[in-house]
Amino acid sequence: MSSSHATYLTISSHYSIIGALVGTLTGIALITNKEKLKKQALPMIKKPESKGPVYSLEEVSQHNTHEKGVWVTYQGHVYDITDFIANHPGGPQKIILAAGGALEPFWALYAVHNTQHVLDLLEEYRIGSLSKEESSDQAADIKDPYVNDPSRHPALKINTKKPFNAEPPMQLLSDSLVTPNEIFFIRNHLPVPDIDENKYELEITGEGINTVALSLEVILLWLCRISVTFT
Ligand code: HEM
């Protein structure tokens, strides 16, 4: 990668680059912060007592298509959700990702499911349980995808923790004309990516511009830093 790539860029694309770089550099600064957000538990099911037969993870994994039926597991229980797929408010393409396996990794990403209302809905589809051993093996394998999220300013008014969405409190917002970065509105859709600085590449593409890929080294050493105030 050389600085000659910059000569290909149009004036308008410079704004895209600045925007992308501001976002990227902010992300990188946050990622280097090693403090972790406290683990937020997934909701527990209301009726943990077993019902129906005991299935193995192997049996569940075979039910991963409409034809064979779509089964999933949640906190040690097995659900046949074949008839629910078409009605899923998040769309059939998303829910099918969990077919034949555990819901927890997906629900940890999409915190909208962390409500009793969703658990009551799920309960309607319960057909059995996993054995105690397989259930605890599975639980041990499930990692919190938000564990590497950076810590944020404690003054932020948090709307959701996972994904992290927060806004400046009204009392501080009126203190300055330009909101300080630490309390600026934050809206993530998924976990903050945990990137490898040596492999990271920022690709800039779009209609009418030549695609360029910039390594972190190039971004930090070769490009000049510009501060942009935006609202
Ligand atoms: C049987 C399992 C599932 C049930 C019962 C279920 C139920 C629901 C419900 C009730 C909502 C609407 C929530 C609300 O707006 O209050 C929802 C939204 C959603 N679900 Fe699921 N879901 C399931 C599995 C999944 C899986 C496995 C994924 C991802 C792979 C997923 C992704 C989503 C997404 C992206 C939304 C929309 C979120 C939004 O618009 O903010 N769901 N689900």
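Before moving on, two ground rules. Residues are numbered from 1 along each chain as its sequence is written. The model is predicted, so to speak of local features pLDDT of at least 70 is needed, side-chain atom pairs count only at pLDDT 80 or more, and totals for chains, interfaces and linings use all residues.

**Stop 1**

Helices (H or I, at least four residues) and strands (E, at least two) are DSSP runs, numbered from the N terminus. These strands form an open sheet in the order 6-7-8, with antiparallel pairing. Two strands pair if DSSP finds at least two bridges between them. At the edges are strand 6 (157-160) and strand 8 (186-187), each pairing on one side only.

Strand 6 meets strand 7 over 3 bridges, in the antiparallel sense. Strand 7 (residues 165-167) is joined to strand 8 by 2 bridges, again antiparallel. Select Ala 166 to find Ile 186 of strand 8 opposite.

Now trace the hairpin that joins strand 6 to strand 7 through 4 residues. Pro 163 is in this loop. Zoom in on its peptide bond with Lys 162: the bond is cis, with omega about -5°.

**Stop 2**

Strand 4 and strand 5 (residues 126-130) run antiparallel, joined by 3 bridges. Pick Tyr 79 and its bridge partner in strand 5, Arg 126.

Then select Gln 75, in the loop between strand 3 and strand 4. Its phi is near 45°, a positive value in a residue other than glycine. Is Gln 75 buried or partly exposed? Gln 75 is partly exposed, because 19 other C-beta atoms lie within 10 Å. The scale: buried means 20 or more other C-beta atoms within 10 Å of a residue's own, exposed means 12 or fewer, partly exposed is in between, and C-beta atoms are placed from the backbone.

**Stop 1: the nonpolar core**

The largest nonpolar core has 15 residues; Trp 71, Val 72, Tyr 74, Val 78, Tyr 79 and Ala 98 touch the most other members. Such a core is a set of buried Ala, Val, Leu, Ile, Met, Phe, Trp, Tyr and Cys residues joined through C-beta atoms within 7 Å. Strand 3 (69-74) and strand 4 (77-80) each give two or more residues to this core. Strand 3 gives the most, with 4.

Select Ala 98. Leaving aside neighbours within four places in sequence, Ala 98 is in contact (C-beta atoms, placed from the backbone, within 7 Å) with Val 72, Leu 103 and Phe 106.

For a side step, pick Trp 107 in helix 4 (residues 104-109). Trp 107 is partly exposed, with 18 C-beta neighbours inside 10 Å. Its C-alpha atom is 9.9 Å from that of Tyr 74, 33 residues away along the chain.

**Stop 2: the ligand**

Finally, show the ligand and the 18 residues around it; Pro 89, Gly 90, Lys 94, Ala 98 and Phe 106 come nearest. A residue is near if its C-beta atom, placed from the backbone, lies within 6 Å. Helix 3 (92-95) and helix 5 (116-123) each give two or more residues to this shell. Helix 5 gives the most, with 3. By class, the shell has 14 nonpolar, 3 polar and 1 charged residues. Ala, Val, Leu, Ile, Met, Phe, Trp, Tyr, Cys and Pro count as nonpolar, Asp, Glu, Lys and Arg as charged, and the others, Gly among them, as polar.

Key. Contact = placed C-beta atoms within 7 Å.
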